[in-house]
Amino acid sequence: MSNPPSRSTTKVRPTIRDVAALAGVGIKTVSRVINDEANVSPQTRARVERAVSALNFKPNQGAGALRRGDRKTLTLGLLLDAVDNPFSALINRAVEAVAYSRDTAVLAASSDNDPDRERIMVDAFTRRRVDGLILNTITEDQGYLQAEREQGTPLVFVDRPPIGLLADAVVTNNYEAAREATQHLIRQGHRRIAHLGDEPAASTARGRLQGFTDAMAAAGLAASAQVNALRSQQEAYAAVHGFMRLDDPPTALFSSHYLVTLGAVRALHDLQLAERIAMIGFDDIVLADLVRPAISVMAHDPTQLGTLAAERIFARLDGDTSAVQTVVVAAKLIARGSGEIPPSD
């Protein structure tokens, strides 16, 4: 005896017609209630709300926005270099916290520092008609977003300022902070200082490299060694090993990115040089105070960056038409020990 065909247990998603039928009203009345419009009696509104609850009806917010013409889909697009990067994750959480207070969902995506991927993800956001975009970009020119800006979509750039486009931005003082970190190493007596650099396509990396270079030049020094475009702990680990094989190896390191710092710390410990080679990293690191020596860092505040960016985008959505502005959040030096090691020769 053959078994009867199995039946799908998937329930059909209720529609606005189902809500109208259960409440005994027209579709337009349901739409008015969902969009919190006037001209609906309290009794009718209550019937519709009971029907919505009974059916667990979820309105299509995007479609509603198109009908109303107000673009309010109650969503933001957030583009970061990598959502699993601790720095980016803290920006994400800060944006979400502000958005949650405004009943808005955040759609987050990673560019992986790939210009093509950046444009693909931004296009995906705009096709979903998000209300605004908060962007950490890697492309050389963000002029491709001009049409979207002219159509009224608010844009706020976070951590990296826009290029080729006038838009709001919330950034760190990368140049000044890197210069201060380098000067701190010089004040400890170091003259052979190496630079471990991030992706040079990123404006943050360029600013930090320039700050390092200018601080060295002001002291009549040049980099003892330098490697840029380091994209992983493994690459930074290998670079430090290479530095230490030089005839005159550096006595101090300045690392411009947290992943690079992690690789450098691992290399110094494996080489048993952690107590002899000074180091300051850009970006604070979880558990930086528990290793020995504890890691000195130039720390910027991703939570503040994300919070200010989100507040700015909602100000624009609320009707702020003032001139574009760039808010600069200052980084601060946290001296924990590794950056205070004096030169041993």
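**Cavity**

The largest cavity holds about 80 Å³ of space. I counted one cavity of 30 Å³ or more in the structure. I listed its lining as Val265, Leu268, His269, Ala274, Ile277, Met279, Val291, Pro293, Ile295 and Ser338. I then checked which element gives the largest share of the lining, and found H11, with three residues.

A cis peptide bond joins Arg292 and Pro293, with omega about -5 degrees. I placed Pro293 in the loop between strand S9 (278-282) and strand S10 (296-299).

**Pocket**

Next I looked up the largest pocket. Its volume is about 440 Å³. I found 25 residues in the lining. Which of them lie nearest the centre? They are Asp81, Asn85, Asn113, Arg160 and His257. I sorted the lining by type: eight residues are nonpolar, seven polar and ten charged. I also checked which helices contribute. Helix H5 (86-101), helix H9 (203-218) and helix H11 (258-270) each supply at least two lining residues.

**Confidence**

I checked the pLDDT next. The chain has a mean of 91, and 93% of its residues reach 70 or more. Residues 4-9 fall below 50, and this stretch has zero contacts in the model beyond near neighbours in sequence. Where pLDDT is low, the predicted coordinates should not be read in detail.

**Ile134**

I picked Ile134 in strand S3 (residues 132-135). Is Ile134 buried or exposed? Ile134 has a relative accessible area of 0%, under the 20% cut-off, so it counts as buried. I listed its contacts, leaving aside neighbours within four places in sequence. They are Leu76, Gly77, Leu78, Leu79, Val95, Val156, Val158, Ala309, Ala310 and Ile313. I also took one distance. Ile134 and Leu80 are 54 residues apart in sequence, with 8.6 Å from C-alpha to C-alpha.

**Arg316**

I went to Arg316 in helix H12 (residues 302-317). Its relative accessible area is 15%, so Arg316 counts as buried under the 20% cut-off. Where does its side chain reach? I found the backbone oxygen of Asp320 at 3.0 Å from the side chain of Arg316.

**Positive phi**

I looked for positive phi values in residues other than glycine. Asn39 has phi near 65 degrees. I placed Asn39 in the loop between helix H2 (27-34) and helix H3 (42-55). At 74% relative accessibility, over the 50% cut-off, Asn39 counts as exposed.

Asp159 has a positive phi too, near 75 degrees. I placed Asp159 in strand S4 (residues 155-159). Asp159 is buried, with a relative accessible area of 6%. I set the pair side by side: Asn39 is exposed, whereas Asp159 is buried.

**Pro200**

I looked up Pro200 in the loop between strand S6 (193-196) and H9. Pro200 has a relative accessible area of 37%, which lies between the 20% and 50% cut-offs, so it is partly exposed. Which residues does Pro200 contact, leaving aside neighbours within four places in sequence? I found Ala205, Arg206 and Ala229. I also checked the spacing to His257, one of the residues nearest the pocket centre. Pro200 and His257 are 57 residues apart along the chain, and their C-alpha atoms are separated by 12 Å.

**Val83**

My last entry is Val83, in the loop between strand S1 (75-80) and H5. I read a relative accessible area of 35%, so Val83 is partly exposed. Leaving aside neighbours within four places in sequence, I noted contacts of Val83 with Ala89, Asn92, Ala108, Ala109 and Ser110. Val83 and Val297 are 214 residues apart along the chain, with 22 Å between their C-alpha atoms.

Terms used
Residues numbered from 1 in each chain as written. Heavy atoms only, no water. 1 Å grid on protein atoms, 1.4 Å probe; cavity = no way out; pocket = protein on both sides within 12 Å on 5 of 7 lines; lining within 4 Å. Points joined across faces, edges and corners; volume = space filled by probe spheres on them. Helix = DSSP H or I, 4+ residues; strand = E, 2+ residues; numbered from the N terminus. Nonpolar A, V, L, I, M, F, W, Y, C, P; charged D, E, K, R; others polar. Buried < 20%, exposed > 50% of the residue type's maximum accessible area, 1.4 Å probe, protein only. Polar contact = N/O pair within 3.5 Å; in protein donor to acceptor, adjacent residues only side chain to side chain. pLDDT = per-residue confidence, 0-100. Contact = heavy atoms within 4.5 Å.
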